[in-house]
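Subject: Structure handover

Hello,

The structure is below, with notes on what was found in it.

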Amino acid sequence: AKVQHEQQCITEALYYEARGEGEIGMRYVLSVIHNRKNSVGFPNSYCKVIHQRRQFSYRNGVSPGIHIEIKPISPSDKIAYGLASGLAESAAWGQLNPSIRSIHGATYYHTTNVKPYWAKTMQKINTIGNHVFYRKKKDDNL
């Protein structure tokens, strides 16, 4: 049941955060969630990372532990749902491709139409579609 719960959380996050970004966009978002799960200062499960307050805007107003039902209607949404579901299954079973795991240690991202205060303190990694990805600056560890 834990694997299914994790898979459902990840599918939902990838779908709502990156369904218009294709597989590469979803991989990047998954990388952020995965890297957070394995970083000090973040929760240690996919669902807990995804359900953290004010981290993923699609979850605003949704209580932790509550899943959002996904109803893909258009053909492109159905394809996106399939991609999200497949990536989520790999991650939930611990079979994540190592290239996804690292993606340069990204732990944050935002959409291109906002400029959050924290972005200037981070190291920019890449822009994929409408998302800009970051990691903490290396010198934070000195």
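Is the crossing of helix 2 and helix 4 left-handed or right-handed? The crossing is right-handed, where right-handed means that the near helix is turned clockwise from the far one by less than a right angle, and left-handed anticlockwise.

Before the rest, the basis: this is a predicted model, in which local features need pLDDT of at least 70 and side-chain atom pairs count only at pLDDT 80 or more, while totals for chains, interfaces and linings use all residues. Residues are numbered from 1 along each chain as its sequence is written, and side-chain values use heavy atoms, with hydrogens and water left out.

Helix packing

Helix 2 packs against helix 4 (residues 75–92) at an angle of about 35°, and their axes are 10 Å apart. (Helices are DSSP runs of H or I with at least four residues, strands are runs of E with at least two, and both are numbered from the N terminus; axes are lines fitted to C-alpha atoms over the stretch in contact, with angles from 0 to 180 degrees between N-to-C directions.) On the helix 2 side, Gly22, Glu23, Met26, Arg27 and Leu30 meet Ala80, Leu83, Ala84, Leu87 and Ala91 of helix 4, contact being heavy atoms within 4.5 Å. By type, the residues of this contact are seven nonpolar, one polar and two charged. Here Ala, Val, Leu, Ile, Met, Phe, Trp, Tyr, Cys and Pro count as nonpolar, Asp, Glu, Lys and Arg as charged, and the others, Gly among them, as polar.

Disulfide

The structure has one disulfide, defined as a pair of cysteine sulfur atoms within 2.5 Å. Cys9 and Cys47 form it, with their sulfur atoms 2.0 Å apart. The torsion about the S-S bond of Cys9 and Cys47 is about 105°, so the disulfide is right-handed. The pair links distant parts of the chain, with Cys9 in helix 1 and Cys47 in helix 3 (residues 46–50), 38 residues apart.

Regards
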